[in-house]
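Subject: Structure handover

Hello,

Here is the structure I promised to pass on. Please load it first, then read the notes below it.

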Amino acid sequence: QVQLVESGGGLVQAGGSLRLSCAASGRTFGRYSVGWFRQAPGKEREFVAGITWSDAHTYYTDSVKGRFTISRDNAKNTVYLQMNSLEPGDTGVYYCAPTISDPKYDYSWGQGTQVTVSS
């Protein structure tokens, strides 16, 4: 199974932007769809956005529609999450995984990347 590594998190003020990257480690993405997920303190991991391999169709949770954009560059084995108009409620650890939308997917989840949005 492909292993994915997240990067790009940081501290940003409300209204700011960040771009997260999800890179395949050790092998290519192959034909995997990829999802971004986040986990806020004291909460369960939740789906944020997903993108299919075949036609790059995208999916978003309602709270990020119009603010976040997921994209992929198969040649670079990387999936991106562009996050604009960030809100304090977007704070959490962000993970990517080879599943379009399942936050409990049976996968060796990585360390994630911390996103902190200050008000």
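Strand 4 and strand 5 pair in the antiparallel sense, over 5 bridges. One point to look up on this pair is R38, which stands opposite E46 in strand 5. The two strands form a hairpin, and 6 residues lie between them. In that turn, G42 has a positive phi of about 80°.

Please keep in mind that this is a predicted model.

Strand 5 also pairs with strand 6, residues 58–60. The sense is antiparallel again, over 3 bridges. I51 has T58 in strand 6 as its bridge partner. This hairpin has 6 residues between its strands, and A56 takes a positive phi near 55°. Is strand 5 mostly covered or uncovered? It is mostly covered, with 5 of its 6 residues buried.

**Overall make-up**

The protein has 10 strands and 0 helices. From the N terminus on, its elements run β-β-β-β-β-β-β-β-β-β. The radius of gyration is 13 Å, close to the 14 Å that the globule rule gives for 119 residues, so the protein is as compact as a globular protein of that length. Along the principal axes, the C-alpha trace spans about 40 × 25 × 25 Å.

Buried residues make up 43% of the 119 residues. The protein exposes about 6100 Å². Carbon and sulfur atoms supply 45% of that area. How many of the contacts between residues at least 6 apart in sequence join residues at least 24 apart? The share is 56%.

Four strands make an open sheet in the order 1-3-8-7, with antiparallel pairing. Its edge strands are strand 1 (3–7) and strand 7 (68–73), each of which pairs on one side only. Neighbouring strands of this sheet are turned by 20° against each other on average, direction ignored.

Strand 1 and strand 3 pair in the antiparallel sense over 5 bridges. Q3 has S25 in strand 3 as its bridge partner.

Strand 7 pairs with strand 8 (residues 78–83) in the antiparallel sense, over 6 bridges. The bridge partner of D73 is T78 in strand 8.

N77 lies in the loop between strand 7 and strand 8. Is N77 buried or exposed? N77 is buried, because its relative accessible area is 19% and the cut-off for buried is under 20%. Leaving aside neighbours within four places in sequence, N77 is in contact with C22, A23, A24, T28 and F29.

**The nonpolar core**

The largest nonpolar core has 33 residues. Those with the most contacts inside it are L4, W36, L81, M83 and Y94. Several strands supply at least two residues each: strand 3 (18–25), strand 4 (34–39), strand 5 (46–51), strand 7, strand 8, strand 9 (92–97) and strand 10 (113–118). Which strand gives the most to this core? Strand 9 does, with 5 residues.

Y94 deserves a look in the viewer. Leaving aside neighbours within four places in sequence, its contacts are E6, L20, W36, F37, R38, V48, F68, L81, M83, G112, T113 and V115. Some of these names have come up already. L81 and M83 are among the residues with the most contacts inside the core, as is W36. R38 is the residue opposite E46.

**The N terminus**

Q1 sits in the segment before strand 1. Which residues is Q1 in contact with, leaving aside its neighbours within four places in sequence? They are R27, Y32, P98, Y105, D106, Y107 and S108. Q1 and K43 are 42 residues apart in sequence. In space they are 27 Å apart, C-alpha to C-alpha.

Best wishes

Conventions: Residues are numbered from 1 along each chain as its sequence is written. This is a predicted model: local features need pLDDT of at least 70, side-chain atom pairs count only at pLDDT 80 or more; totals for chains, interfaces and linings use all residues. Side-chain values use heavy atoms; hydrogens and water are left out. Two strands pair if DSSP finds at least two bridges between them. Axes are lines fitted to C-alpha atoms, for helices over the stretch in contact, and angles run from 0 to 180 degrees between N-to-C directions. The radius of gyration is taken over C-alpha atoms; the globule rule is 2.2 Å times the number of residues to the power 0.38. Buried means under 20% relative accessible area, exposed over 50%, partly exposed in between (1.4 Å probe, protein chains only). Contact means heavy atoms within 4.5 Å. Accessible areas come from the Shrake-Rupley method with a 1.4 Å probe; for residues, only the protein chains shown count as cover. A nonpolar core is a set of buried Ala, Val, Leu, Ile, Met, Phe, Trp, Tyr and Cys residues joined through side-chain atoms within 4.5 Å.
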